[in-house]
Structure formats: C-alpha cells, structure tokens
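Student: I would like to learn how to read a few features of a protein model. Could you take me through them one at a time?

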Amino acid sequence: MASLKVLNHPPSPSEDAEQLHKAFSGWGTNEQMIIDILAYRSAAQRNSIRKAYKEAYGEDLLKSLEKELTSDFERIVLLFTLDPAERDACLASQSTKKSSSSNWIFMEIACTRSASALLELKRYYHSRYKKSLEEDIAHHTTGDYRKVPTRAFFSPAFLLFPLVSTFRYEGEEVDMSLAKSEAKILNEKIKDKQYNDEEVIRIISTRSKAQLNATFNHYNSSFGNAITKDLKADPGDEFLKLLRATVKCLTTPEQYYEKVLRLAINKMGSDEKALTRVVATRAEVDMVRIKEAYQKRNSVSLEQAIAGDTSGDFKRMLLALLGAGDI
C-alpha cells in the first residue's frame, strides 16, 4: 500500500506548472511550494505537469529544478518527479558507473518491480542509453556471466543477468509437488555450497513469487531452517549476501527495505542516497508495509527516525512522501 497522499481534486497540470514556475521566480526559491505540489501528485499527474510546464515555458521541469535546487533535496525531488521507468533507468545507469555495492540496486529493481514494469524499464533504458540493461550489467559486474566461476569466486553477473532477463509469471497458482522437489534441490546445493549452481539460479530467477514462497515454506518445514538462515554459512561471501538478499527481496520486500532504511539511518552521518532511493521508489508502491516492518523491528516509527536523522527541505520532502507531513 502506498504512503503517498494524492489530492482528491488537485489543480490542473497547467495550474501546477504555473505555480512551480512562480516558485522559481523572484528572489530565492519557494521550496515549500515545490514540496506541496510534487509530493502530493501521482506519477501520471507529475508526468502531465512536466508536459504542461514544457509547453508553457519551453524547458523541461527537471532542468528548472536542477537550476534551483541543491544537495539531497535536489536529489529526492528529481528522482521522485521522474516517471517510474525513467527513474529506474536512471538508478541503473548510475549504478553501472559505481562500485560493486551497486549490484544490490540492480537486484532491487529486478526483484521488486512487476514483470511489465521491468520490461518497460528495459525498453526505456535501451531507447535512452542505446544499449541494453543486460549488456551494461554484464559489463559492470566482474567476470563473464557465460562462464561458471570457481568455488572461490562467484561473479554477481551469474545471478543478476538472469534476474533482469526473466519475465516472471505473476499469478497465484502454485504447484506443491514442484515446490517440494525444488526445495530438495535447493537444500542439496546449499549443503554442498554450490550457491551458483545453474539449478539454484534457474529456480530463483524464473519461478513466480507465489511458487517461490511455497518452495521456501517447504524448505523450512522439511529441513528445519529458513533458506535465508542456511545462506548465512559464510558471512564474508559477497555473492552469498547478494543471493540471500535476493530471496528476501522476492518474498518479503518490506523486510528487505526495512533493513536498508535501518542501516541508512543508523550509519554514521546517515546514508542519504539510500534513504532517497527507497522513499522515492516505494512511496507509491508498498511504503505503508515498509513502515509497519520498521516500527515492528525498531520500536520507533520510520517518520520519527527520519525526522531525527535529517533536516531542512530534504526532511520535509521525505516526510511528505511517507504521508506524515512535517514533524
């Protein structure tokens, strides 16, 4: 469930565009007006505002925002204003230029977007950057996804490439006999530390989320441990961490994102980029469930935690997207 509070009867896109233009005019920028408009409009409404702004003033709204805003506030406003496919393409493109920690962003996108949203992202990415997302991921990650890595080093591409390439079925049908047999396969491969085995990757990257839940439930009941626990065998193994996070992202994304937010807030100085990414991408999807998971895990609301860790217009924008207003 989304946390974004969209007005029941918002002004027309042309009226919003006019107010935004006024916010940029004169001495200084009216940041609160920007928040009051963009943080309370749906993706479709924001897209209409961008079109109206372009028609009225001859410039992309994003360009005007870039000129007027700075730092973390600029980042959250720009990222949230983007169309979802455009936003994910931007995140993915930025990740291809960063360190191995960005592998987690590729995984997030592949595991938490719907099949149609992932397909739309790949189409937009190809159009915008003149190459495929799969190509860039294969180039970015160390090693060749076509070659089976050694036991000592598992390339993240071996997991990421299939995840972004699949068109995952989204129905609720479950084959219990298949769940039983594939739970057995996973258990055998994990016991033998064959984490990159083709069967492990095939099951995790292609099965529907409903089927995976059934398989992991059967794994737990048959072998005495949750699969995520058995995937903690080597805490220092980065591939294993990514595989474990993939399982969590596919089955309980609210718990995955709760941990990302908790680590971002508890980090010395906080991780504003992680806060921005999660809030901007989940505010219109499942932020209510993420907030519930955060409250349960930390005995404090996400709104209170963010309010205590951020400041200024950045804080106000985050809180607005969380549905909290100002605290």
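**Reading a helix residue, aromatic pairs and a pocket**

Tutor: Gladly! Keep in mind that this is a predicted model. Let's start with E86, which is part of helix α6 (residues 84-95).

Student: Is E86 buried or exposed?

Tutor: E86 is buried, because its relative accessible area of 17% falls under the 20% cut-off.

Student: Which residues does E86 touch, leaving aside those up to four places away in sequence?

Tutor: With those left out, E86 touches R50, L62 and Y124. With R50 there is also a polar contact between the side chains, at 2.9 Å.

Student: Let's turn to aromatic rings. How is a pair of them described?

Tutor: By two values: the distance of the centres and the angle of the planes. This structure holds five aromatic pairs. One of them is formed by F24 and Y53, which are edge-to-face, with 6.2 Å centre to centre and 70° between the planes.

Student: Which parts does the pair of F24 and Y53 tie together?

Tutor: F24 sits in helix α1 (residues 13-24) and Y53 in helix α3 (residues 43-57), so their pairing ties together parts that are 29 residues apart in sequence. Both F24 and Y53 are buried. Together with Y57, F24 and Y53 form one aromatic cluster.

Student: And what geometry do Y125 and Y129 have?

Tutor: The aromatic pair of Y125 and Y129 is tilted, with 4.7 Å centre to centre and 50° between the planes. These two residues are separated by about one helical turn, because they are four residues apart in helix α8 (residues 115-129).

Student: How do Y125 and Y129 stand in terms of accessible area?

Tutor: Y125 is buried, with a relative accessible area of 0%. Y129 is partly exposed, and its relative accessible area is 23%.

Student: My last topic is empty space. What shows where it is left?

Tutor: The idea is to roll a probe the size of a water molecule over the atoms, which shows where empty space is left. Here the largest pocket holds about 1500 Å³ of space.

Student: Which residues are closest to the centre of the largest pocket?

Tutor: Of the 46 residues that line the largest pocket, I105, E108, K273, A274 and R277 are the closest to its centre.

Student: How many residues of each class are in that lining?

Tutor: The lining of the largest pocket is made up of 21 charged, 17 nonpolar and eight polar residues.

Notes:
Residues are numbered from 1 along each chain as its sequence is written. This is a predicted model: local features need pLDDT of at least 70, side-chain atom pairs count only at pLDDT 80 or more; totals for chains, interfaces and linings use all residues. Side-chain values use heavy atoms; hydrogens and water are left out. On a 1 Å grid over the protein atoms alone, a cavity is a set of points where a 1.4 Å probe fits but cannot get out, and a pocket is an open set with protein on both sides within 12 Å along at least five of seven lines; lining residues have an atom within 4 Å of a point. Grid points are joined across faces, edges and corners, and a volume is the space filled by probe spheres set on the points. Ala, Val, Leu, Ile, Met, Phe, Trp, Tyr, Cys and Pro count as nonpolar, Asp, Glu, Lys and Arg as charged, and the others, Gly among them, as polar. Buried means under 20% relative accessible area, exposed over 50%, partly exposed in between (1.4 Å probe, protein chains only). A polar contact is a pair of N or O atoms within 3.5 Å; within protein, one must be able to donate a hydrogen and the other to accept it, and residues adjacent in sequence count only if both atoms are side-chain atoms. Contact means heavy atoms within 4.5 Å. Rings of Phe, Tyr and Trp (its six-membered ring) pair if their centres lie within 6.5 Å; planes under 30 degrees apart count as stacked, over 60 as edge-to-face and the rest as tilted.
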